[in-house]
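Here are my notes on the model, as numbered points. Please read them with the structure open.

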Amino acid sequence: MATGQESMVQPAQISKQKIEELAEQFAQVVGYQPGGDLREIIENKLGGELKYADASEWFNTEDGSIKVRARKDFTITLANFTGPLRNRFTIAHELGHYVIHSRMGEVPIEAPRKGRSVAERQADAFAAAFLMPKEQFLTFFDSMGENPDLELIAGHFRVSKSAANYRAQEFGHTID
């Protein structure tokens, strides 16, 4: 439930290229490598909290998936009935809100858990770039030659096959 101090997420005036750069810079700052531990980053490096909600709590709440109160004071809430790969993307998405929209906790926000607003698409772009950095993704993809294996790509980056496929398509690649 909102405390009245948080604001709904406003989209940033930022290009997709700048979001890619921010995600990769953020990964360097927090020491993230593709496939790495996201809980460690949230709790130990950023001072946030990661919590899980059961189905009834998740569907009956108006709270967002991230609530930022201040720097080093934020909570990311995940459904306890979704899988680990989906959760990794969700965590990275919420980190996108934290970095882009709350400016690392400077602006208190509460992100809704549903919607396809510009701010949500910005957080998705951040998540993809954070979990699957462009150069590392393309290097790994190209190392597979003529028949890239979507399952191996997804496994390498610890993302869902749909996330890996979407990222490949962003770079003009198709996987059969």
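1. Element order. From the N terminus on, the protein runs β-α-α-β-α-β-β-α-β-α-α-α-α. That gives 8 helices and 5 strands. Both are DSSP runs numbered from the N terminus: helices are H or I with at least four residues, strands are E with at least two.

2. Ground rules. This is a predicted model, where local features need pLDDT of at least 70 and side-chain atom pairs count only at pLDDT 80 or more, while totals for chains, interfaces and linings use all residues. Residues are numbered from 1 along each chain as its sequence is written, and side-chain values use heavy atoms, with hydrogens and water left out.

3. The protein has 176 residues, and 45% of them are buried. Buried means under 20% relative accessible area, exposed means over 50%, and partly exposed lies in between (1.4 Å probe, protein chains only). Take the contacts (heavy atoms within 4.5 Å) with a separation of 6 or more: 72% of them join residues 24 or more positions apart.

4. The structure holds 7 salt bridges. The term means a side-chain nitrogen of Lys or Arg within 4 Å of a carboxyl oxygen of Asp or Glu. One of them pairs Glu43 with Arg39, at 2.7 Å from N to O. Both residues sit in helix 2 (residues 38–45), 4 residues apart, about one turn of the helix. Glu43 is partly exposed at 30% relative accessible area, and Arg39 is partly exposed at 33%. Another salt bridge joins the side chains of Arg69 and Asp73, at 2.9 Å from N to O. Arg69 is partly exposed, with 30% relative accessibility. Asp73 is also partly exposed, at 32%.

5. A salt bridge between helices. What does the pair Lys161 and Glu151 tie together? The closest N and O atoms of this salt bridge are 4.0 Å apart. Lys161 lies in helix 8 (residues 161–170) and Glu151 in helix 7 (residues 150–157), so the pair links parts that are 10 residues apart in sequence. Lys161 is partly exposed, at 45% relative accessible area. Glu151 is exposed, at 55%. Separately, Lys16, Glu20, Arg167 and Glu170 form one network, joined by salt bridges that share partners.

6. His101: buried or exposed? His101 is found in helix 4 (residues 84–101). Its relative accessible area is 6%, so His101 counts as buried. The His101 side chain makes a polar contact of 2.8 Å with the side chain of Gln122. A polar contact is a pair of N or O atoms within 3.5 Å; within protein, one must be able to donate a hydrogen and the other to accept it, and residues adjacent in sequence count only if both atoms are side-chain atoms. Leaving out residues up to four places away in sequence, His101 touches residues including Val9, Pro11, Ile109 and Gln122.

7. Helix 6 against helix 7. Helix 6 (residues 134–142) packs on helix 7 at an angle of about 145 degrees, with the axes 11 Å apart. Axes are lines fitted to C-alpha atoms, for helices over the stretch in contact, and angles run from 0 to 180 degrees between N-to-C directions. Helix 6 supplies Gln136, Phe137, Phe140 and Phe141 to the contact, and helix 7 supplies Leu152, Ile153, His156 and Phe157.
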